[in-house]
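Please open the structure in your viewer and keep the sequence panel beside it. The stops below say what to select next and what is found there.

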Amino acid sequence: MLTVMLAMVMFAMGCTVDAKKLWGHIRRPWGIVIGFLCQFGIMPFTAFALSLAFSVLPVQAIVIIIMGCCPGGSSSNIICYWLDGDMDLSISMTACSSILALGMMPLCLLIYTSVWTSSDTIQIPYDSIGITLVALLLPITLGMYVKRRWPHKAKRILKVGSITGFGLIIVIAVVGGILYQSSWTIAPSLWIIGTIYPFIGFSLGFLIARFVGQPWYRCRTIALETGFQNSQLCSTIVQLSFSPAELEVMFSFPLIYSIFQLVVAVIAVGAYQVYKRWCGGGSVEAACQTLSVEDSSAGPAKQKHYDVENSTFELDENSNSDGKARHTDKNTKL
């Protein structure tokens, strides 16, 4: 049931995607490259650094690094919509990170977990990654088709789906916290890491995107794709790779991370919506669209102005030619 609802939400998110813009991001993947470096460069290294800084147990360090090596989750697309981000970039980054995870996850785990264990003991569920990718791309493709064929209906679907998706994210976090109450009794160090790790990911993704000159709305998008991790995939890897005794001290971390990444995202959405409403801060994308509309409207005006000037010139030219003709007639008569 939950999978079906998420698929319906992603279908609604697909109603925002423009095929031309999506293809533009793929042809010029500057934003995707930045997101890739943040996703598989910054996040695994940050997990490794936090594990060493807090001197956690080896199995706890491993689950933290597994979380840092996971690709982005679909929740980032929903939050991106509410933050007026670049939806085309968000969806292309989520899809690309899921595809690249097939090769980057084993590589990152080999690099960072060798301090505590052999990477051969960690089983990566490639089938789960494939299912996640299909569950992302298929509904979005259908949404793109609906937007192209029935744009007015797509707007209605988007309005309902965006609200449903945001509510579904909150419900999942609350229900998960209630169902796994027994997992809350863990080491304080895991609590601290689970709390600050999402915030670090969001902040570094935003700052790096801004440092390389990305516009504000794309900075928000890259920040979300960096901080949001596929916690369900992390939980699956942990369950497949470790014994029940080891799971007792490590299984709760994916839940803690998923809850606090949603907490940070919800706070960001609330603050941004208040800013838009009371401070007049609209989306940068809307501003860009307004400017493009102004330019397009100014174009015909300029053309009309030039047409007037050209007609005046033609009029002068005709009058001069008429004058010359009359002067020639006079000379002929003489």
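Select S55, which counts as exposed at 63% relative accessibility, where exposed means over 50% relative accessible area, buried under 20% and partly exposed in between, with a 1.4 Å probe and protein chains only. This is a predicted model, in which local features need pLDDT of at least 70 and side-chain atom pairs count only at pLDDT 80 or more, while totals for chains, interfaces and linings use all residues. Residues are numbered from 1 along each chain as its sequence is written, and side-chain values use heavy atoms, with hydrogens and water left out.

S55 lies in the loop between α3 and α4 (58-69); the helices named here are DSSP runs (H or I, at least four residues), as strands are (E, at least two), numbered from the N terminus. Although S55 is not a glycine, its phi is positive, at about 50 degrees. Most residues other than glycine have a negative phi.

**Stop two: the whole chain**

Zoom out and colour by secondary structure: the chain has 14 helices and zero strands. Of its 334 residues, 43% are buried.

Go back to α3, which has 25 residues and reaches 35 Å from its first C-alpha to its last, close to the 36 Å expected at 1.5 Å a residue; the expected span is 1.5 Å times one less than the number of residues. At C38, α3 bends by about 25 degrees, the bend being the angle between axes fitted to the seven residues ending at a residue and the seven starting there.

Next select α7 (residues 126-149), whose 24 residues reach 35 Å from first C-alpha to last, close to the expected 34 Å. To see which parts of α7 are covered, show the side chains of its buried residues, namely I129, L133, L136, P139, I140, G143, M144 and V146.

Then turn to α6 (residues 87-112), for which a straight helix of 26 residues would span 38 Å, whereas the end C-alpha atoms of α6 span only 32 Å. Where is the kink in α6 centred? Select A101, on which a kink of about 55 degrees is centred.

Move to the N-terminal end of α6, which D86 caps with a side-chain oxygen 3.2 Å from the backbone nitrogen of D88. D86 is buried, with a relative accessible area of 4%. D86 also forms a salt bridge with R218, the closest N and O atoms being 3.1 Å apart; a salt bridge is a side-chain nitrogen of Lys or Arg within 4 Å of a carboxyl oxygen of Asp or Glu. Because R218 lies in helix α10 (residues 216-227) and D86 in the loop between α5 and α6, the pair ties together parts that are 132 residues apart in sequence. R218 counts as partly exposed, at 24% relative accessibility.

A search of the whole structure finds two salt bridges, and for another of them select D84 and K276, whose closest N and O atoms are 2.9 Å apart. D84 lies in the loop between α5 and α6 and K276 in helix α13 (residues 252-279), so this pair ties together parts that are 192 residues apart in sequence. Is D84 buried or exposed? At 17% relative accessibility D84 counts as buried, while K276 is partly exposed, with a relative accessible area of 29%. The backbone of D84 also deserves a look, as its phi is near 55 degrees, a positive value in a residue other than glycine.

Finally, switch to a surface view and select W30, V33, L37, L204, L207, I208, F211 and V212, which make a nonpolar surface patch of about 780 Å². Patches are made of residues with over 30% relative accessible area and no salt bridge, with like charges joined within 9 Å and nonpolar side chains (Val, Leu, Ile, Met, Phe, Trp, Tyr) within 5 Å; accessible areas come from the Shrake-Rupley method with a 1.4 Å probe, and for residues only the protein chains shown count as cover.

The elements that give two or more residues to this patch are α3 (30-54) and α9 (188-211), and α9 gives the most, with four residues. End the tour on F211, which is placed in helix α9 and is exposed, with a relative accessible area of 74%.

Notes:
Polar contact = N/O pair within 3.5 Å; in protein donor to acceptor, adjacent residues only side chain to side chain.
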